[in-house]
Amino acid sequence: MVKKHFKISGVGCALVDYLFTPINFSGETFSRYISVRPGDGGLSPGKLVFRDEFEAFSGRDYMEVRELLTAGNSPLTLNIGGPSIVSLIHAAQMLDGTVAEVYFYGSKGRDKDALFIDERLQKTPLKTGKYKVSDQYTAFTDVLSDPGYDQGLGERIFINNIGAAWDLYPEDMDEAFFESDMVIFGGTALVPHIHRSLLELLKKAKAKKSVTVVNTVYDFLNERSNPGKAWPLGSTVETYRYIDLLIADMEEALRLSGQATIAEALSFFKRTGVGAVIVTHGANPLYYFCNSKLFGRAEGCKLVSERVRNEIVLYPERVGDTTGCGDNFAGGAIASIAEQMMDPHKERVNIDEVIAWATVSGGYACFYHGGTFYEEYPGQKRELIEPYYRDYQLQKTNRPFIPDYR
């Protein structure tokens with residue numbers, strides 16, 4: 001029987017991104033503020049740092065330093081950001097026209113940034129569940145982007161201000177949240193009280209027969225508290241047993257597992273009982289495995305989109321920045337899982353399909369500024385991404401070398 005309704009609810013990080021580009025990560029000014037060791041509060045390409053930690057590291061007011069790093073330039077753009085809301089917006093755009101509805105739960109302040117988010121959300125198909133209003137300021141992040149970094153592939157640095165995210169608690173999730181077909185936890189390391197309660201929240205979602213997805217973000221709070229030690233996810237390692245799909249980038253996977261290599265990290269995740277894991281690595285091949293009733297059993301290593309890589313090189317005028325690539329990757333995965341679950345002819349979710357839509361979704365985010373794409377008409381974003389999906393299906397996506405991590 002075809003489902004008449006399919007509900008996706010997600011909670012986690014939502015904020016306003018202030019995008020500054022181009023920033024020269026190799027410049028003399030920037031070099032004064034580069035991180036010396038993990039968790040010291042300095043700037044490092046691809047990493048997030050909290051404002052107060054950066055100020056302790058630099059001994060200067062962050063706003064003064066920002067003026068130097070940006071040469072006094074205004075942000076190129078303001079955009080909705082955050083690993084939860086951006087991925088959910090993309091999923092909602094990809095699923096527009098189906099019976100699926102996507103809801104976001106989070107917190108915001110009573111300020112201009114909250115009004116900005118409210119106004120921009122009206123331009124998307126994402127719905128809101130319980131969006132808590134806090135007396136603290138709406139979370140925001142300065143995104144410093146160097147499009148020329150990593151041989152022209154680009155990279156970003158994030159300076160985060162948590163604000164209202166401190167006021168979001170597990171009890172702010174209503175029963176409707178847990179009764180969804182899919183429950184998503186996105187970038188909860190930036191929403192501390194939710195992050196610490198992941199085990200309990202995931203247990204409740206699984207008790208309601210929900211499919212659960214967790215997409216991670218660099219956990220600077222735990223890195224600061226226990227430098228060099230494995231980051232906890234929830235209160236105990238048991239948390240992983242209640243995750244159907246975990247999405248992390250390479251560094252996050254290594255830090256969560258406490259291991260030195262991807263082979264060892266994947267072995268760790270297998271032992272935890274997690275249903276599936278996808279580990280991205282920027283423009284490099286990704287690693288994955290699954291072993292569950294939902295996905296079946298598979299493992300391997302897949303290449304990124306050749307078409308995206310080629311167009312970045314051949315048409316630099318089309319390139320935006322890499323902000324939101326990981327978030328859109330997660331959104332593409334969420335949308336693909338939902339679409340396959342709604343298909344009455346499918347007995348399982350095909351992990352290859354999930355990775356394909358996730359890969360081209362993340363890759364396409366390189367062609368506009370900021371993480372959120374605002375459609376001119378419903379279905380536009382899917383229409384733009386579909387040619388990349390078709391090309392990706394035609395390219396050889398399996399990497400010959402698979403590490404022995406069994």
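Biologist: Which residue is the bridge partner of D17 in β4?

Modeller: The model is a predicted one. Strand β2, residues 15-20, runs antiparallel to β4, and five bridges join the two. Within β4, the residue that partners D17 is N79.

Biologist: Which strands stand at the edges of the open sheet?

Modeller: The open sheet has five strands with mixed pairing, in the order β3-β8-β7-β2-β4. A strand at the edge has a single partner strand, so one of its sides is left without a neighbour in the sheet. The strands placed this way are β3 (48-50) and β4 (77-81).

Biologist: What angle does the direction of helix α2 make with that of β3?

Modeller: Helix α2 covers residues 51-58 and packs on the sheet. There it touches β3, β7 (140-146) and β8 (155-161). Its direction and that of β3 make an angle of about 80°.

Biologist: How many residues apart in sequence are the parts tied together by D172 and K132?

Modeller: D172 and K132 form a salt bridge, with their closest N and O atoms 3.1 Å apart. D172 lies in the loop between β8 and α7 (175-178), while K132 belongs to strand β6 (residues 127-133). The pair therefore ties together parts separated in sequence by 40 residues.

Biologist: Is D172 buried or exposed?

Modeller: Buried means a relative accessible area under 20%. D172 has 9%, so D172 counts as buried.

Biologist: Which helix holds K203, the salt-bridge partner of E238?

Modeller: The closest N and O atoms of E238 and K203 are 3.9 Å apart. E238 is in the loop between α10 (220-225) and β11 (245-249), 35 residues from K203. K203 itself is in helix α9.

Biologist: How many salt bridges does the structure hold?

Modeller: One of them joins E119 and K123 at 3.5 Å, N to O. Others share partners and join E175, E179, K204 and K208 into one network. The structure's total is 26.

Terms used:
Residues are numbered from 1 along each chain as its sequence is written. This is a predicted model: local features need pLDDT of at least 70, side-chain atom pairs count only at pLDDT 80 or more; totals for chains, interfaces and linings use all residues. Side-chain values use heavy atoms; hydrogens and water are left out. Two strands pair if DSSP finds at least two bridges between them. Helices (H or I, at least four residues) and strands (E, at least two) are DSSP runs, numbered from the N terminus. Contact means heavy atoms within 4.5 Å. Axes are lines fitted to C-alpha atoms, for helices over the stretch in contact, and angles run from 0 to 180 degrees between N-to-C directions. A salt bridge is a side-chain nitrogen of Lys or Arg within 4 Å of a carboxyl oxygen of Asp or Glu. Buried means under 20% relative accessible area, exposed over 50%, partly exposed in between (1.4 Å probe, protein chains only).
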